[in-house]
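Dear colleague,

I am handing over the structure below, and after it you will find an account of what came out of the analysis. Please read the text with the structure open beside you.

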Amino acid sequence: MAEHSTHETAHAPAHASKGTYWLIALILGILTLLEVAVFYVPLLRAAIVPILLTLSTAKFALVAMFFMHLKFDKPILTTVFAGGIVVATVIILAMMLLFGVVGPGAHM
Amino acid sequence: MIPRAATATSAHGSLYAGGIRSWLTTVDHKRIGVLYGISALSYFVVGGVEALIIRLQLASADGTLVGADTFNQLFTMHGTTMVFLVLMPLSAALFNYMIPLMIGARDVAFPRLNAFSFWTFLFGSILLNLSFFAGSPPNAGWFGYANLTSRQYNPGMGIDFWLLSVQIMGVASIASAINFTVTILNMRAPGMSLMRVPLFVWMALVVQVLMLLAFPPITVAFIFLLFDRFFGTHFYIPSAGGTPILWQHLFWIFGHPEVYILILPSFGVVSEVLPTFSRKPLFGAPFMIFSGILIGFLGFGVWSHHMFTTGLGAVADTAFSLATMLIAIPTGVKIFNWIATLWGGHIHFKTPLYFAVGMVGLFIIGGLSGIMHASPPVDIQQHDSYFVVAHLHYVFFGGTVFGLFAGIYYWWPKITGRMIGEGLGKLHFWLMVIGMNLTFFPMHFLGLDGMPRRIYTYAADLGWDRWNLIATVGAFVIAVSVLVFFINAARSLIAGEKATADPWDAATLEWTISSPPPEYNFAEVPQVNSARPYWLYKHGPTRDISRHTKAEGSQPQPENPSQRIDLPSPSGWPILAALGLSLVGGGALVGLWAVLIGVAILVFGVYRWAFQPLERPGHPSFGPASTGRR
Amino acid sequence: MDSHATSFGVPNRKLAMWVFIASECMFFGSLIATYLSYEGKSLVGPTPHEILNIPLTSVSTFVLLMSSLAMVLALEAVQSGDRRMTRLWLGGVIVLGGLFLSGQVYEFREFYHEGLTLQQNLFGATFFVLTGFHGAHVTVGVIWMVTLLVMSLRGTLGPERSLDVEVAGLYWHFVDVVWIVIFTVVYLIQ
C-alpha cells in the first residue's frame, strides 16, 4: 500500500497551488451569488434556464478540474467521469421528454 | 531448452485444500470463482425445479397441480432466480477465475472487496429463498410491475423479500463491477495494450461498465417502491398523481442493459472457444471489440421497446424501435465474424466447441424473434404472449446458458486440474439442444395462437394442449441433460484424467500456468507482445501478427518463482460486513432494532476491514526467502 | 497487488473511486430524472414555489462549496506533512459539512411543519428522497472525515497515506458537485 502512495507522489504532475484553490473558491462563491441573483432579478428571469445551466456547469467544471484535480490527472479519469455524466444526462433528458416535461407539447 | 509448463503437482493441489474457515475468509479470486460457480449451479437446479413444476402445471388444459397464487410465485421465483442467482453469478464465476489469469495478474484489484461481493450475493440469495419458508414468496414477476406490487394490492411480505434481497445483491454487483473495471483497466501484464486484451476480458469490461451504469436506476426504482410500501409515499400511485409507468421506465433502463450483461459474457466465451477449436485467430478481433462496446452503449437507448403497449406515443415508439433495430448491426457483425472464424479452420470437435456453436445458432433464432419485437405494430400483438417467452428463452438459454457451458467445459481442466468426459459432455449437449428446442420452439406457435404469458392454466377448447405437452416433455429432456452434466462433473472430480497446463493448445495466458494454477498464478509476470501470446510462442507468427517472432511469445511459466511473491492474508471482515449488510435488508422485515443491529455489524466490519493491512504476518508467501505460511 | 506499475499509471484506489463516482452519477441522475419528470404533477400542495427557502439554501450551497476548499487544503497539508494544518482543514471540512447538514435538518423540519411530508404529495416524495439521499451521502462523508481527523490526531496520517485523503476528497467533492446540480435544478429552476 505504501508503494502505491510513493509511486504516486514520486511523479506528482503539475499541481494547482494553494493560491489557486482560494481563487477557485472565490469564483465559486461569485458564481453562486450570480445564480441567486438571476433568480431574483426579473429581467434575467426570462432566460433563467440557460443562464443557470451555464453557471452551474461552470461551477461543476471548476470543482471537477481543480478540486478533483482532473485537469492535472491522466485522461482516463476524465473519461470515466465523463462516461457517467453523459449517460446520466441522456437518461434525464429522455425521461423529461417521455414525461412531457420538455419537448413539443410540454406542459410545464 | 523449451520450458515445460508446470503440471498439476501436489504443491499446487493445495489451492483448494483447507477447512471451512479458509473458505470463509478466502480473498483468492480463484476460490471465490469456485464459490460463485457452486452457488450458481445449485440455484440452477432450484430454478429448474421451479420451471418443471410450471411445465407440469401447463402440460394439459385445466391443470390442477398448483393453484393460481402458487403459479405466480413459481414464475416469479423462477425468473428472479435464473437472472440474479444463476446467470449473473455463473458469469461472475468465470470472470473471477479467469480474468486475472487472462491478463497476467495475480489477483483482482481489491481481493477483500471481491470476497465481500460473493458473501453479499450469497446472503442476499438466501434471503430471497427464505421467502419460501416464510410462506410468502414474491408473486409479481421478476420485473415486479407497479402497482401490482403496491402495499394495497400486495400486502404480504413476498414483495418485500424480493425488493430487499435483490437490492442487497445489487450492492454485490456494483462492488464487483468497480473491482473488475479497475482490474481490467489497471492490472494488465506489461505489453498487454487494450487491443491485445482477450475478447472474453473485453466483453467482461463492457459488462462491468453496464453494471455500474444500469444498477443505480433499478436501485432507485426499488427505493421508490420500498418507500411506497414502508413509508406511504406515492411514487407509483396514480391517485396521488404518480404513475406505474415510472416503474417501467426505471426498471427497463436497468432491464435492457441487464440482458446485455447476461449475453456478453457468453459472446466472450464463444470468441475464445471458436478460435481455439478452429486453430485460427478470431476473425476481425478489433471489430469484435468495437461491436461489443457499441452493443453496450446502444443498449442504454432501447429500453422502452419493452413498453410499446403503454401508450408512449408515435415519436417515442419510433425512436426506440429504430434504436433497437440498430443494435442488430453490431450483433450481426459478431455472428458473421464467428462464422468466418470457423470457416476454413481445422476443426477439433470437442465439447466446448459444440456448446459455442450451439450458442451461435440458438442465439440467431432468439435474435430473429427479437428483431420482430423491435417493430411496435408487430410487438403489440406479441407482447405478453408466449412468443416473448420463446424469444427470451432462446437468448437466455440458447444464448447465455449454452455460452456459459462452453466456458465451463473449456476452462474445466484449468480450474479443476482434471479433464471432463467428452462422451458425456456431448451427450449433455445433444440432450440439451434437443430439449431446449422441444421446450421453447413450440412457444412461438402458442404465442402467435394467442396464449398469454403468466397464466396458470388454460381451457381445453383452445387447442393449446399439444404444444404445451411437447414443451413439458422438452423441459424434462433438459433436466436429464443437466443431470448428465452433474454426473460428468462428479466423475471428473473423483477420477478424471489429470489435466496438463494446456490441453487444448490454446492462445491465451491462462494456459501457460499449471492446472489448477498455483496460488500466485504467475511465477513471473508475463511480458505480452500479441493478442495471442501463447500461440505466438508455440507456433510462431500467423499471417496477421507476422511482424513478431516466436521469441516474443509468452512462455510457459516456470514451476517456481525466482523472486519472492507475497499474497494478501485471508480476512474475516468481508464476510462479516456482508452479514451486516444483509441484516440491514432482512432486518427491515423484522423491525427497526434488527436493522440497527445490521448497521452496527456492517460499520464494525467495514472499519476493521479498512484498518486491517492487506498482508499481515504469516501471509501466503512463495519463492526464495519466502516467509511461509502462518 | 503491488509489484509492477498500474497500466494507466493511476493508483487502483483512485481509479476505483472515480469508477464509483461514475456509477453514482447514474444513481443521482435517476433521482433527479424522477424529480424533474414529476415536477408540477402533484395533485395537492405545498408547491416548491410556496415552500422553498432560497436565501437559506444559497447559504448552505456556499457552505458546502467552502468545505470543498477546506478539503483540498487538507489534502495539500497531508501531502506536505503539515500536521497542524491537516487537522485544521480536516476540522474545517467537518464543521462546514456539519453546518450544511444542520441546514438540511432545519429545512426538513420547517417543511414538515408547513405540511410538506414524504406522503403529502409527489413533490414531498421526490424532494425528500433526492435531498435525503444526498444528505445521507454527506453524512457518510463527515463520518469518513472524522475518522481521518482521529487518525491525524493519533499521528498516523502522514504523507505516506495521502492517497487515502485524496480518495476521501474525491468522494467529498463529488457530493458537493451533486448539490450544485440539485440547487440549480430543484431550487432555482422551479
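**Findings by chain**

B:Gly618 has a relative accessibility of 25% and therefore counts as partly exposed, and since this is a predicted model, that value, like the others in this message, is a computed one. The residue B:Gly618 sits in the loop that runs between α17 (592-611) and β2 (621-622) of chain B. Its C-alpha atom is separated by 45 Å from that of B:Gly399, the two residues being 219 residues apart along the chain.

Turning to chain B as a whole, its secondary structure comprises 17 helices and two strands. The radius of gyration of chain B is 24 Å, close to the 25 Å that the globule rule gives for 630 residues, so chain B is as compact as a globular protein of that length. The C-alpha trace of chain B spans about 75 × 60 × 45 Å along its principal axes, and buried residues make up 64% of the 630 residues in the chain. If one takes the contacts in chain B between residues at least 6 apart in sequence, 81% of them join residues at least 24 apart.

One helix pair in chain B deserves a description of its own, namely α13 (422-448) and α14 (465-495). The axes of α13(B) and α14(B) come within 8 Å and cross at roughly 160°; with angles over 145 degrees counted as roughly antiparallel, α13(B) and α14(B) are therefore roughly antiparallel to each other. The crossing of α13(B) and α14(B) is left-handed, and the residues of their contact divide into 22 nonpolar, eight polar and one charged.

The loop between α13 and α14 of chain B holds B:Tyr456, which at 35% relative accessibility counts as partly exposed. Which residues does B:Tyr456 touch, not counting residues up to four places away in sequence? They are B:Gln57, B:Leu58, B:Val66, B:Gly67, B:Ala68 and B:Phe71. The C-alpha atom of B:Tyr456 is separated by 46 Å from that of B:Trp343, although these two residues are 113 residues apart along the chain.

The C-alpha trace of chain C spans about 60 × 35 × 25 Å along its principal axes, and buried residues account for 65% of its 190 residues. Among contacts in chain C between residues at least 6 apart in sequence, 82% join residues at least 24 apart.

By class, the contact of α3(C) with α4(C) has 18 nonpolar, seven polar and one charged residues.

**Backbone points to check**

Most residues other than glycine have a negative phi, and most peptide bonds are trans, so the following places may be of interest to you.

Where do the cis peptide bonds lie? In chain B, the peptide bond from B:Ser515 to B:Pro516 is cis, with omega near -10°, and B:Pro516 is found in the loop between α14 and α15 (533-539). In chain C, the peptide bond from C:Gly45 to C:Pro46 is cis, with omega near -5°, and C:Pro46 belongs to the loop between α1 (12-37) and α2 (48-51).

As for phi, A:His69 has a positive value of about 70° although it is not a glycine. This residue, A:His69, lies in the loop between α4 (48-67) and α5 (75-98) of chain A, and at 9% relative accessibility it counts as buried, the limit for that class being under 20%. In chain B, phi of B:Asp62 is near 50°, which is again a positive value in a residue other than glycine, and B:Asp62 is found in the loop between α2 (29-58) and α3 (68-103).

With kind regards

Note on methods. Residues are numbered from 1 along each chain as its sequence is written. Chains are lettered from A and ligands numbered from 1 in the order in which they are written. This is a predicted model: local features need pLDDT of at least 70, side-chain atom pairs count only at pLDDT 80 or more; totals for chains, interfaces and linings use all residues. Side-chain values use heavy atoms; hydrogens and water are left out. Ala, Val, Leu, Ile, Met, Phe, Trp, Tyr, Cys and Pro count as nonpolar, Asp, Glu, Lys and Arg as charged, and the others, Gly among them, as polar. Helices (H or I, at least four residues) and strands (E, at least two) are DSSP runs, numbered from the N terminus. The radius of gyration is taken over C-alpha atoms; the globule rule is 2.2 Å times the number of residues to the power 0.38. Buried means under 20% relative accessible area, exposed over 50%, partly exposed in between (1.4 Å probe, protein chains only). Contact means heavy atoms within 4.5 Å. Axes are lines fitted to C-alpha atoms, for helices over the stretch in contact, and angles run from 0 to 180 degrees between N-to-C directions. Angles under 35 degrees count as roughly parallel, over 145 as roughly antiparallel, 65 to 115 as roughly perpendicular and the rest as oblique. A crossing is left-handed if the near helix is turned anticlockwise from the far one by less than a right angle, and right-handed if clockwise.
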